Number of protein chains: 2
Amino acid sequence: MAIVVQKYGGSSVGTVEKIKMVAQSIIKRKMNGDSLVVVVSAMGDTTDDLIDLAKQVTGNPDKRELDALLSTGEMISSSLLAMALKDLGHDAVSYTAYQIGIRTSGQYGKSLIDDIDESKIKESIDEGKIVIAAGFQGINEEGDITTLGRGGSDTTAVAIAVKLKGICEIYTDVDGIYSVDPRKYVKAKKLSEIDYEEMLELASLGAQVMHSRSVELGQKYGIPIYVGLSNSDIKGTVIREVTNVNMESKPVTGLATSDEDIAVTIQNISNDINVLSNLFEALASRRINIDMISQTSPVDEKVNISFTIPKEDLKECLGIVKNYADKNSINIDEDITKFSIVGIGMKTTSGVAAKMFKLFSGNNILVKMITTSEIRITCAIRQADKLKAINLIAEEFKL
Amino acid sequence: MAIVVQKYGGSSVGTVEKIKMVAQSIIKRKMNGDSLVVVVSAMGDTTDDLIDLAKQVTGNPDKRELDALLSTGEMISSSLLAMALKDLGHDAVSYTAYQIGIRTSGQYGKSLIDDIDESKIKESIDEGKIVIAAGFQGINEEGDITTLGRGGSDTTAVAIAVKLKGICEIYTDVDGIYSVDPRKYVKAKKLSEIDYEEMLELASLGAQVMHSRSVELGQKYGIPIYVGLSNSDIKGTVIREVTNVNMESKPVTGLATSDEDIAVTIQNISNDINVLSNLFEALASRRINIDMISQTSPVDEKVNISFTIPKEDLKECLGIVKNYADKNSINIDEDITKFSIVGIGMKTTSGVAAKMFKLFSGNNILVKMITTSEIRITCAIRQADKLKAINLIAEEFKL
């Protein structure tokens, strides 16, 4: 008998009818002889509605109080699901973060799970109960309610699976992980499995299926994570360590694009390492997330430097950059699509980058910036070239 | 510097605008130099909306889960109020029942407060913070969330005032306690003060202003409770021990009526004490709340017995009564208004009942049943006579 930790996302429990359907799925699974722990997100748009309510009170809601407010969304859905299960004759019990000791640290709104006291969950399982745990929330050292950030219920589920040495299943409104976003490339293929590293790269590139920290946690403790549709027999994708990387494996597993960034270029900035490190430290201290960085070779001890930042941070970024460079030497390029290919096969397959750049140059796709990791290549290209690039690369690497 | 425990009811925090107005009132009060602890109910109809949601899931929601669900209403309003206060530049912190150790026992949905760990509240007060406490909720020995019953936030406020040795103020949508419900008697007078006992009698008779248990708690620990309008300079009513009862005091303080009961009469039931006590024990075991009881003198060891019960319990009551009496000997009288006068002055003033019955008989008001306590006289009369009776008695006793 296995312990199965399932997570149902907000759209899966968006209405009372859907909650009842989820209850049926849970019972079906329990009838197989497994013990069930179920983590739920807030119903549908509840979290956004609560944020709206807070914004009506104040343009700048206190972060501690906002977390306390938002945590109610998952309490509502978890108690309703427990009621639905009991109504169908199966004993169930809902628990808040307090009740099962989900200890967190870090900032409000993006806390990290330090530990979970699994004893109460185990006790309830031993009593034959289906345990429903409110996702997305925790309690910090001060006893305050904190939340884990958008998608944080995924991380709650994986963390519970880690503590219970269980199987983890994430049910959502997509039927698995695709090599390319199917909305952008209709011929995209669903992956039966994907490595943690690949998933993390894809997630960081804007594939919003999973909360990145849940994947990291799964990787750290070796817990495979199934991602698929709720209430469906369609097979989803398993995120796990993929060890059989050989010459026959595909070098590229997935492709992701993002239009959320813009590029800032500073011309003729001093090539003094102190100047540059001070600039980037100042940006980091304001939590401006710099992604791609490229720098030209120094001429007269001056360099040109470009980097990308999230669009919404532009104003704050420019305020800082102005302390380091003349206004006239700062250029903004808003026409940026980050185009990335990911695959653990790149570790053993050479020539992937060359193939990509050759395809781009042969098709008039301008590459503005490049960054790479061991399993990823990212280019900044023009937004107008995005679809062409997706089709070229997806065809080439059979995604 | 006093510690003031204020409670704002659901209508006082029914909208974001109203929450902001409450925040202004709290700050005004704090500027006087007092320390503030504020207990809030759920916004407007939130509790009813949550009950509706549960009823959509199942006709018979699990009581533990229903309490967990309902407790979110007060968490939402308390965090929003704390945000509003912070937005106005005053440090504030919201606490759930868990966080300030509101320990309860008894049944879900109508738990009793056993104790409150006031240390966290005191600590926050010492830090200059306005403390917002979620009303209506507690945590029982099993660590489950429980609720205190409708109006339970009043009891939360008084209990906190008891622990902090503070002043208690209940703000609601009525401007105080009236001798008679002003909707039933337009000339009704507002009382500047009322004794705990009188308030309890009135509350049990259907005056819905206060949660009875909050008044009992105030009485037990000698905490005066102010009841009045929020955001208003209109003076309300103080519930306290009224000691200056003398010949010049009015013998009758208040009058209340209720149409929520019906009378059950059983004819020719055995006058065996075992039969009657078994009957009433059986009714009590099903939590059927019997109020007025009257019994005729025995004839041939048989008696007629009448008692009133809440209308909604009729079906269950008849199911039990049929085990003790022939179907044809059971009569139901649905035309019942319970008419009560209350006053601690009755302890020292005689002839109140005589005056009342004389007025009734002189005006063709049929008295069907009578019960009395030391400070209360209740008659069951016809519903059609209710307004006439209110006017006669209110005029006579200058209510």
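Axes here are lines fitted to C-alpha atoms, for helices over the stretch in contact, and angles run from 0 to 180 degrees between N-to-C directions. This is a predicted model, where local features need pLDDT of at least 70, side-chain atom pairs count only at pLDDT 80 or more, and totals for chains, interfaces and linings use all residues. Residues are numbered from 1 along each chain as its sequence is written, chains are lettered from A and ligands numbered from 1 in the order in which they are written, and side-chain values use heavy atoms, with hydrogens and water left out.

View 1. Helix H8 (residues 273-285) of chain B lies across S14, S15 and S16 of chain B, at about 150° to S14(B). Helix H9 (residues 314-321) of chain B packs on the sheet too, touching S14, S16 and S17 of chain B, and its direction makes about 155° with that of S16(B). Contact means heavy atoms within 4.5 Å; helices (H or I, at least four residues) and strands (E, at least two) are DSSP runs, numbered from the N terminus.

**View 2. The sheet itself, in chain B.** It's an open sheet of four strands, ordered S15-S16-S14-S17, with antiparallel pairing (two strands pair if DSSP finds at least two bridges between them). Strand S15 (293-295) and strand S17 (330-333) of chain B sit at the edges with a single partner strand each, so one side of each has no neighbour in the sheet. On average, neighbouring strands are turned by 15° against each other, direction ignored.

**View 3. Strands S14 and S16 of chain B, side by side.** Eight bridges join S14 (residues 261-270) to the antiparallel S16 (residues 302-310) in chain B. Look for B:Ala263, which stands opposite B:Thr308 in S16(B).

**View 4. Where chain B meets chain A.** Each chain puts in some residues: 39 from chain B and 39 from chain A. Together they bury about 3100 Å², 67% of it on carbon and sulfur atoms (buried area is the accessible area, 1.4 Å probe, that two parts lose on being put together, summed over both). B:Val57, B:Glu65 and B:Met83 supply 21% of the area chain B buries against chain A, more than any other three residues.

**View 5. A salt bridge across the interface.** The rule (a side-chain nitrogen of Lys or Arg within 4 Å of a carboxyl oxygen of Asp or Glu) finds two salt bridges between chain B and chain A. One of them pairs B:Lys86 with A:Asp62, whose closest N and O atoms are 3.1 Å apart. On the side of chain B that touches chain A, H3(B) gives the largest share, 16 residues.
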